[in-house]
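Keep the viewer open as you read.

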Amino acid sequence: MTDGGSGPFLSYGRQSISDEDIEAVVAVLRGDWLTQGPTVDAFEKELATLTGATHAVACSNGTTGLHIAAAALDLQPKDAVIVPSITFLATANAVRYVGAEVVFADVNPDTALMEPQHLEDALARAKALGLRPRAVFPVHLAGHPADVRDAARAAGLMVVEDACHALGTRMRRGDGEVTVGSGSGVDMTVFSFHPVKTIATGEGGAVTTSDDELGDRLRRFRSHGMVREPQLFRNRDEAFSPDGKPNPWYYEMPDIGFNYRLTDLQSALGLSQLKRIDRFIERREEIVDLYDRSLVPLSPYIKPLSRSKASGSRVGWHLYVGLFDFERLGLGRADVMAALREKNIGSQVHYVPVHWQPYYVERYGKLDLPGAAAYYRRCLSLPLYPGLQDTDVQRVVDALAGLVKRAA
């Protein structure tokens, strides 16, 4: 798609597919297993190695990863899970899927991240409502980390990181760093492999944990709740033959589960993409740095998202979010998006505060979360993906500079 010499269309995000990726998928198509085969196991092992976790459980997408993580916590009605309001719908919805209650937390308006004070405020509201605080789902928005681990542990909460934006991110812990997903200080971490994310499997996700029991529960909930291990069978008359050997066809379902499995086709693509993850992350960091430097002259009309204090030596950036003073620009956000679109530049909003959604307003009433509102009113995501060239970034900045020049 081109537009009068302005260049090809730049979407806010897109996949990067190589010939090697295609060959990897074709090899599975020519093999014996399209699903539930050895490529899934290999993909999970590589994810565990990358993150440093003991277990990586692949699933059909990030939303189903959040769902099985919530199920693995055995959440009950009247249990409360703290969720930041600036996130995708799935983070909160996964809590409701298992019958627990969401208590929304505010965020820092300049980073869009939940901080310890926001967690403490949400906990106080949960207790005032007569709920039992059980867990917190911090969100590493755009790829940079939200660190509420110490505050969560002090409150006796389980921690499930929504790291769907943050594969490969490192965060500061004490005098060192940990990789997001390693299990250090958290119970589970959820990733997404949607095409616009750091690596793509088409659709896909995974949950990592270093807790053996949670790893077993995640695998069970991913596949209908079934177990095939003889030591877990309860109906021994059906499970075992007269000589005491387990019947080879037998399985049981001690808990209801879901069909959230990833296929070998998707895993083959993921495995191939993981070979280039360092290059993907490095290029994303270069683009973010270029945007940051290039937007300096456009302040105070437009400025970069502020950085998390917990960010380590590497951030697996998923989004580049600019904070716009639309009133100073004299343009509404829709007007800015339309002006960029005329230049063949895509943009997106991440995200509408979840506590504003009609379902949650009807369930919990209207909430005043000023940080979330202030962030939302200013945010706009600009193109960011490994295939973006420096000249493409300059196109985006030039288009923005034109809007600033008109306003000035």
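Ser182 is buried, at a relative accessible area of 15%; buried here means under 20%, exposed over 50% and partly exposed in between, with a 1.4 Å probe and protein chains only. You'll find Ser182 in the loop between strand 7 (176-179) and strand 8, where strands are DSSP runs of E with at least two residues and helices are runs of H or I with at least four, numbered from the N terminus. Setting aside neighbours within four places in sequence, Ser182 is in contact (heavy atoms within 4.5 Å) with Thr51, Gly52, Ala53 and Ser210. A polar atom of the Ser182 side chain also sits 3.2 Å from the backbone nitrogen of Ser184.

A word on the source: this is a predicted model, with local features needing pLDDT of at least 70 and side-chain atom pairs counting only at pLDDT 80 or more, while totals for chains, interfaces and linings use all residues. Residues are numbered from 1 along each chain as its sequence is written, and side-chain values use heavy atoms, leaving out hydrogens and water.

Now over to helix 3 (residues 62-72). Helix 3 is largely enclosed by the rest of the structure, because 10 of its 11 residues are buried. The cover over those buried residues includes strand 1 (55-59), helix 4, strand 5 (158-162), strand 8 (188-192), strand 9 (205-209) and helix 7 (212-222). At the start of helix 3, a side-chain oxygen of Asn61 comes to within 3.0 Å of the backbone nitrogen of Thr63. Just after helix 3, Asp74 has a positive phi of about 55 degrees.

Two of the covering helices deserve a look. The axes (lines fitted to C-alpha atoms over the stretch in contact, with angles from 0 to 180 degrees between N-to-C directions) of helix 3 and helix 4 (residues 89-97) come within 8 Å and cross at roughly 40 degrees. That makes the pair oblique, the label left over once under 35 degrees is roughly parallel, over 145 roughly antiparallel and 65 to 115 roughly perpendicular. Thr63, Leu66, His67 and Ala70 of helix 3 meet Ala90, Thr91, Ala94 and Tyr97 of helix 4.

With helix 7, the axis of helix 3 comes within 9 Å and crosses at roughly 125 degrees, so helix 3 is oblique to helix 7. Here Ile68, Ala69, Ala71 and Ala72 of helix 3 touch Leu214, Arg217, Leu218, Phe221 and Arg222 of helix 7.

How values were computed: Polar contact = N/O pair within 3.5 Å; in protein donor to acceptor, adjacent residues only side chain to side chain.
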